[in-house]
Structures are given as structure tokens and as C-alpha cells.
Amino acid sequence: MSLDTLSPDAVERAQQQIRTIVAEITQLARSDMEPREFFTRYVPRVIQAVAAVGGAVWTINGDGKSFDLLIGEHLPRTGVGPDRDSQAQHARLIGEAIVSGESLVIPAGPRAADEEDLGNPTPYLLLLVPLTNNGRPLGVVELFQRPGIPHSAQRGNLNFLKQMGELAASYLAAHDETNRAERESQWTRLAHFGRAVHQSLDLPTTAYTLANEARRLIDCDRVSVAIRRRCRVRIEAVSGQDTVERRANVVRLLANLVDRVLATGEPMWYSGDTSQLAPQVEEALSAFVNESHTRTLGIVPLVQHLPTAPNAEKPPQPKILGALVIERIDEEGLTETIRRRTKLVCDHGVAAVANALEHDQVFLMPVWRTLGKSRWFVEARRLPKTVAITGLLLAAVAASCVIPADFRVTATGTLQPAKRQDVFVQEPGVISRVLVDHGDQVKAGADLIRLRSRDLEVAITEVRGRRAATLEQLASARRSQAEPRLTFDERNRISGQYAQLQKTADSLTNQLELLLEKQKLLTIHSPLEGTVVTWDLKKRLDDRPVERGQLLLSVADPKSPWELELLVPEAHAGYVASAWQQAPQGKRSLDVNYILATNPANSRTGNAIEVQSSAEVRGDDGNTVLVRVRIDRDSLDPSELRPGATVTGRIYCGRRAI
């Protein structure tokens, strides 16, 4: 049906529909989506605009001669047969459009027998429009139309398809230009990466550069470099961090995981599914994920392939130097692009790491490096002075290894009353009222905090209701037992019901008593007479939900003796423990000098009376050992007796070489 036979309204609607389709295709051509997605949206719209039976887009391969089907819409309807002759004939038509660079309208059915080509193998009219950019063929847009439409309609559809082909060609050209720019940018970044990682032979510097440059090149959230040395794996560098705290749990667990993965010799990619992992790798991965909360993780071994000796029968085994650890936390995860870039980075990074390891293993390399930087010390005119200074330094070092001196370990801590007690939550709930604040004097047993528990209130109401209903039934059964006209069987039945109801009532009474006891625990009482020493109670606790065992506040008796709680870093705790073990068994103590932060001019003395046997993690202080120090309360001014005041103590640990 031609537009001439349609009503003006129908013509207007058809033209409006075509304008809408043209606007949509124009918008698609300006997008940055991938070609397959673009043409998946493009082809149906072109088919709809010209009422075609089907359509396809063919793209040119890299050789510029062959072509492949990118998108086909309703091709089974078009009659392109599955036999080779039909497909070859159809391919020649596509090739003719590519070679000629001209748009073609090919009538349905075969051509005359005396013609060189047999023509269209389909029963439909073919419209072929090549896609070109500056004369270079990019592809062909093909439409299948029903035969018999007027010649003017054919030309109109072909002109429309040419316009849409220009939009598709401009999209392909822009996409190709974008890809070319991205490739050039990628090569530039890769060249910069290669220069950076090979700039130094120092292993920590190389690992740090590799981690940070790889993170930029791969476009991920974090990259860690693990190095295997003497059968041990160590995290050498983490992108964005100047140093690596190797004693931290997350770092130790990552090193253990990398060690397990390197034992397999294969890369590991994790995005939440562990079903394909070896049991030992899965165990280490679960421990690391639980500690670090990582969502996606990739561990790629750094493998050095050694050259084969001329007379060797087989090439040497590859050497595993370490691994690159890739982490990403966004929704895309570790895509195929990320994995491809990671492999490229590893291929370039292996040489840099291998050179740094070889350089680092040279005997006494730090000494040779230092001497190389300081050659001017041994020049002829400075040599006597250098020898004299070196002799003095050696003598000083020897003396420091022989001459003993008092050895003290420095630690920081707080000043506290010896008699104090922490107050914990006994029943979960929501804090409804805080009755005290920091510095308030309280009596033993005084109310400190009140909680409310909706669950407990509901349970009490429910048990009370069931108990009241049971008591009613019990009274009714008792009245029924008093009836004189009951038969023997009825009396026995009512007696059994009465006994059962009595047991239920007793059970509900016990439940109610237990619930009421729990309700009493919602009021927190002071365990002793003293002063509240916790800051900002109302600000921290008002309307806050709490669980059983949670610390709420501390109460201390300022009239009791006072003591110091010093936190000795784990690295120095061995000296304190050794001195403590060597002290007399009957009255163990270590002399301690301490100063208050509020009065650093005055130094006082005390005695360490207890040394914790093991280290514990305490907030920002890390792994520390607690040392309790007894002090003379009278040596302090009353204004200095403030719970939690910061102190610095020096614990005497005997005499050692300087």
C-alpha cells in the first residue's frame, strides 16, 4: 500500500513514526556503546521504518576482504537457504556491494540464464547499502523487502537506508577513532609502566612502583605485590601505602593465601564462588575474606621462564618469584579486560622483579652500595682522617658491647584507682534513661542506668494472660469436682483435667517469676561505692540498643590505693618479662620511674607488681603487655588524682651492654 492510498491522518502518523525512529537512531549514533549493542537496537528500527521482512549488518574483517554477520534480524524468514550454493550466491551479492561501494537494489529471484551471476537467491527485494569512512569499507546494511512495491517506494526506502547508513558509518568511524585513541593511550601508559618498574634495582622500590603503577594501568582498587623468598611468601608492597605492617592479621592471612595459590601454580580469580577452588585454597581464602571483607580478588603468579642451555635435553622448570594480588569492590568485579591487563602487567613486571631479586641477593650488597655512594671518604688526602674516625667508631661500638648500663623500657599508660569495677549489660534492651554522669558520686547498689525491652514486656504480658486463663479453668474444674451428681468416670476425668491444669499453672507461675527477674536486671546498679569515671555517658548511651555483656561504664573508689596501668609494646615486652622472671620469687617487683602528662617536671617512683603473661590487642596501641605499678598515693597532689590521666613510665630491667 502506497502513501497515496492512505488518509492524511494515516500519512501524518507514518511520517511521525519515521521521524521518531530517525531521532532514536541519531541518538544511538552519538552514544559510546559497543557495536553489537548499537546494531542490535539499530536494525529493528530500520526494519520498522520501511516495513521490511528482515535485515542484517555485515562487518569487514581486518584483512579488508572477508566479512562476518554481526547482527541478523528475522533471517530465517528471508529464504536464504542453508545450502552452500545459496549462501555463496548471497555472499557474492554482499561482496559486490562492498567492492563497488555503491548502494544496490536487487530484484527478487534469479537473473536470466545468460547473465554471469544468478542474482538474488531469496524471494524478497534486497536493499544493500555499504558503510564507508573516507572511502574505506566498514560493512554493509542489508534489508529484505516484499516484492511488488512501486519503484518510487523502492527508491524512497533506499534513500532512507542510505541516510541511516551514513549515521551507522559515522558511529563506526567514531567508535574506531575512540578505540584507536584508547589503544594509543594504553600503549603510552604501558611504556611509562615499563620505564618506571625498571628504573631501580632495589627490591622494595621496585615492588612499590609495580604495585602503584599496576593499579593505574589495570584500573582496579588495590594491587599488592607478594614476593617468595626461601620458601616464604611476604607482602612486599601495597598500592597507596608507604609501608606494610606485616604483623597485621589481614597481611598475614593474605600472605598465607598467596602461598597456597602459588603451590597450585595457577592464577586464582574469586568473585564470591569458591566451588572450583582446592580445599586448602578455599580455607585460606575464607579466612582472608572474613578479615578483610573483600568481594573480588585475583592472584596471578609472577613466573620467570628461564632460558634453555644449548646442550640441555629439556628446558628448566619455570621459577615462581611471587604474585600480583588484584582487588576490586565495584559491581563490575574482575572483568575480562581486568584479567587481560593483569596478565600484561605480570609479563612486564616479572623481569623487573627478577632483576631486583638477583641484585638484592648479591653478598653484602647494602655495604657495597653504601661504599659506592661514599667513595670520597677514601680519597688519598682524606684517608688518614677516615681511618682515625673509623677506628674511633669501632672502639665506641666495641665499648658499647662490653660496658654495662642501667636498661629501662619506656611505656605509656594511665593513672587509675586500684579499686574499680566495670559495669556490663545483663539483659539486652534499649537504654531509656542514664541516671549518672562522669564524676558523680554513687552508693553501692544505686541505680545507674535503666533499660527497656519490648520483647520482655510482651513475653510478660503473654505469660500473665495464659496464667490467668489457666487459673480460671482450674477454679472451674474445682467447682465441677464438688458436684454431688457426678458419676465415677466423670469425677475421674475432671480430676485428671484438674491435675493437668495445676501443672500448667505452676509452670506459667515459674515462667512469670523468671521473666520478672529478667525485668529487674534492666535496671543497672552500682557494684560499689565510688565515682563514675566514664566520660560522656548520656551522649554515648541515650536511646542506644545494647546487648548482653556490653561494657557501659566504670565505677572507681578514689579513696582506695592508686596504681598505674602501663602498656608495653610487644617488641619490648621480652625485656620486661625476662627481668620479671629474674626477680626474687617471694616479692617480685620492678622499679619504675614515671611522670604525669599534667606535671612532666616531677618524676615519681613506683613498683611493678604484676606483668601480664601474654600480649593483647588494645585499640590503637596494637599488641601490648599490661604492667600494673603500685605507687604512693601521698606523693601526688589531690588535684593530680584523676582517673585515666596519661602517664609515661620507665621500667627498670637490669643492666645491659650499652
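Student: Which residues is leucine 131 in contact with, leaving aside its neighbours within four places in sequence?

Tutor: This is a predicted model. In it, leucine 131 is in contact with Phe39, Arg136, Pro137, Leu138, Gly139, Val140, Val141, Gly165, Ala168, Ala169 and Leu172, once neighbours within four places in sequence are left aside.

Student: And the largest nonpolar core, how many residues does it have, and which have the most contacts inside it?

Tutor: That core has 33 residues. Those with the most contacts inside it are Phe38, Phe39, Tyr42, Val46, Leu131 and Leu143.

Student: Which elements give two or more residues to this core?

Tutor: They are helix H1 (8–29), H2, S2, S4, S5 and helix H4 (151–197). H4 gives the most, with 9 residues.

Student: What does the second core include?

Tutor: The second core is separate and has 29 residues, including Leu210, Val223, Leu334 and Ala352.

Student: Switching to the sheet. What is the strand order?

Tutor: The order is S2-S1-S5-S4-S3, in an open sheet of 5 strands with antiparallel pairing. Strand S2 (67–73) and strand S3 (104–106) are the edge strands, and each pairs on one side only. From one strand to the next, the twist averages 20 degrees.

Student: What packs on it?

Tutor: Helix H2 (residues 35–50) does, touching S1, S2, S4 and S5. The direction of H2 makes about 55 degrees with that of S2.

Student: How many bridges does S5 make with S1, and how many with S4?

Tutor: Strand S1 (residues 54–60) pairs with S5 over 6 bridges, in the antiparallel sense. Strand S4 (residues 125–133) is joined to S5 by 9 bridges, and these two strands also run antiparallel.

Student: Which residue in S5 is the bridge partner of glycine 55?

Tutor: Leucine 143 is the partner of glycine 55. Leucine 143 is also the bridge partner of leucine 127. Elsewhere in S5, valine 140 stands opposite proline 130.

Student: What sits between S4 and S5?

Tutor: The two strands form a hairpin with 2 residues between them. Asparagine 134 is in the turn and has a positive phi of about 55 degrees.

Student: Where is glutamine 145, and is it buried or exposed?

Tutor: Glutamine 145 is found in strand S5. Its relative accessibility is 3%, so glutamine 145 counts as buried, the cut-off being under 20%.

Student: Which backbone oxygen lies 2.9 Å from a polar atom of its side chain?

Tutor: The backbone oxygen of valine 50 lies at that distance from the side chain of glutamine 145. Beyond four places in sequence, glutamine 145 touches Val50, Ala52, Tyr124, Leu125, Leu127 and Asn157.

Student: Last topic, serine 639. Where is its place, and does it count as buried or exposed?

Tutor: Serine 639 is in the loop between strand S24 (623–631) and strand S25 (645–657). At 52% relative accessibility, serine 639 counts as exposed, because the cut-off for that is over 50%.

Student: What does the side chain of serine 639 make a polar contact with?

Tutor: The contact is with the side chain of aspartate 637, at 2.6 Å.

Definitions and conventions. Residues numbered from 1 in each chain as written. Predicted model: local features only at pLDDT ≥ 70, side-chain atom pairs only at ≥ 80, totals over all residues. Heavy atoms only, no water. Pairing = 2+ DSSP bridges. Helix = DSSP H or I, 4+ residues; strand = E, 2+ residues; numbered from the N terminus. Axes fitted to C-alpha atoms, helices over the stretch in contact; angles between N-to-C directions. Contact = heavy atoms within 4.5 Å. Buried < 20%, exposed > 50% of the residue type's maximum accessible area, 1.4 Å probe, protein only. Polar contact = N/O pair within 3.5 Å; in protein donor to acceptor, adjacent residues only side chain to side chain. Core = buried A, V, L, I, M, F, W, Y, C linked by side-chain atoms within 4.5 Å.
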